[in-house]
Amino acid sequence: MPIGVPKVPFRLPGDEDAVWIDVNRLFRERLLFLGQQVDDELANQLICIMIYPNGEDDSRDMYLYVNSPGGAVFAGISIYDAMQFVVPDVQTICIGLAASMGSFALAGGEITKRIALPHARVMIHQPASSYYEGQVGECIMEAEEVLKIRDCITKVYAQRTGKPLWVVSEDTERDVFTSAEEAKVYGVIDPVAVETSSNSPISKLTKS
């Protein structure tokens with residue numbers, strides 16, 4: 001085994017020899033972090049990290065810590081879809097701010113296992129288009145696509161929060177900021193964390 005970065009041997013189907021794959025201690029503990037603006041690169045990294053332990057041991061929960069201002073819509077949706085695809089439950093924990101696609105990922109955690117710290121903030125809103133120049137036909141096509149994405153996101157929020165579709169649709173017309181307690185009432189999260197459990201993966205990591 002190479003000296004330095006922890007690695008594990010992994011052999012792809014059809015390959016004769018195994019290759020050494022980097023494994024970070026946090027990832028081995030199934031601790032994932034969405035701590036910046038969501039983009040394609042970050043989404044691909046998180047998806048890979050979720051898929052690998054899913055095939056290795058599907059009996060242990062994963063933990064996704066969210067502190068993100070949001071970002072690219074399709075990247076956020078891909079993270080949400082991966083969370084629903086993997087067999088283990090994905091617990092989501094909001095630390096700081098979960099806005100836009102950050103709150104979308106937060107709501108996508110296993111229901112009853114979505115947590116926010118007491119001073120966390122959550123924001124939901126509708127997707128926005130960045131296409132402002134071009135021919136009229138192209139702008140119309142862009143607007144139609146944005147409406148389809150908005151409809152998709154609204155349905156997911158309604159499903160994950162238990163709110164009627166029309167309520168979520170009206171609320172996401174603008175930026176809606178909530179406290180942790182308000183997010184709990186709305187249904188984006190479940191409990192609000194009040195103290196660190198001795199069984200927390202963070203506790204086990206720092207004590208080892």
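Is S68 buried or exposed? S68 is buried, at 1% relative accessibility, where buried means under 20% relative accessible area, exposed over 50%, and partly exposed in between (1.4 Å probe, protein chains only). Before the views, a short note on the model: it is predicted, local features need pLDDT of at least 70, side-chain atom pairs count only at pLDDT 80 or more, and totals for chains, interfaces and linings use all residues. Residues are numbered from 1 along each chain as its sequence is written, and side-chain values use heavy atoms, with hydrogens and water left out.

**View 1. The whole protein.**
Let us start with the overall picture. The protein has eight helices and eight strands; helices (H or I, at least four residues) and strands (E, at least two) are DSSP runs, numbered from the N terminus. Of its 208 residues, 40% count as buried. Among contacts with a separation of 6 or more, 68% join residues 24 or more positions apart, a contact being heavy atoms within 4.5 Å.

**View 2. S68 and its surroundings.**
Here we return to the opening residue. S68 belongs to strand 4 (residues 62-68). Its side chain reaches the backbone nitrogen of G70 at 3.1 Å. Leaving aside neighbours within four places in sequence, S68 is in contact with L34, Q36, Q37, V38, L97, A98, A99 and G102.

**View 3. The annotated pair, S100 and H125.**
The UniProt annotation "active site", from an unreviewed entry, covers S100 and H125. UniProt positions are in the numbering used here, feature names are shortened, and annotations may be inferred rather than shown by experiment. The pair spans 26 residues in sequence, yet no two of the C-alpha atoms are more than 6.1 Å apart, so the residues gather at one spot. The side chains of H125 and S100 make a polar contact (2.9 Å). A polar contact is a pair of N or O atoms within 3.5 Å; within protein, one must be able to donate a hydrogen and the other to accept it, and residues adjacent in sequence count only if both atoms are side-chain atoms.

Where does S100 sit? S100 is in the loop between strand 5 (90-99) and helix 4 (101-107), and it is buried, with a relative accessible area of 13%. Not counting residues up to four places away in sequence, S100 touches P69, G70, M123, H125 and Y157. H125 lies in the loop between strand 7 (121-124) and helix 5 (136-161) and is partly exposed at 22%. With the sequence neighbours up to four places away left out, H125 touches S100, T172, R174 and D175.

**View 4. The cavity.**
A search of the whole structure finds one cavity of 30 Å³ or more. On a 1 Å grid over the protein atoms alone, a cavity is a set of points where a 1.4 Å probe fits but cannot get out, and lining residues have an atom within 4 Å of a point. About 30 Å³ of space lies in the largest cavity; grid points are joined across faces, edges and corners, and a volume is the space filled by probe spheres set on the points. The lining consists of H125, Q126, P127, R150, I153, T154, Y157 and T172.

**View 5. S169 in helix 6.**
S169 is found in helix 6 (residues 165-171) and is partly exposed, with a relative accessible area of 22%. Apart from neighbours within four places in sequence, S169 is in contact with R150 and T154.

Technical notes
1 Å grid on protein atoms, 1.4 Å probe; cavity = no way out; pocket = protein on both sides within 12 Å on 5 of 7 lines; lining within 4 Å.
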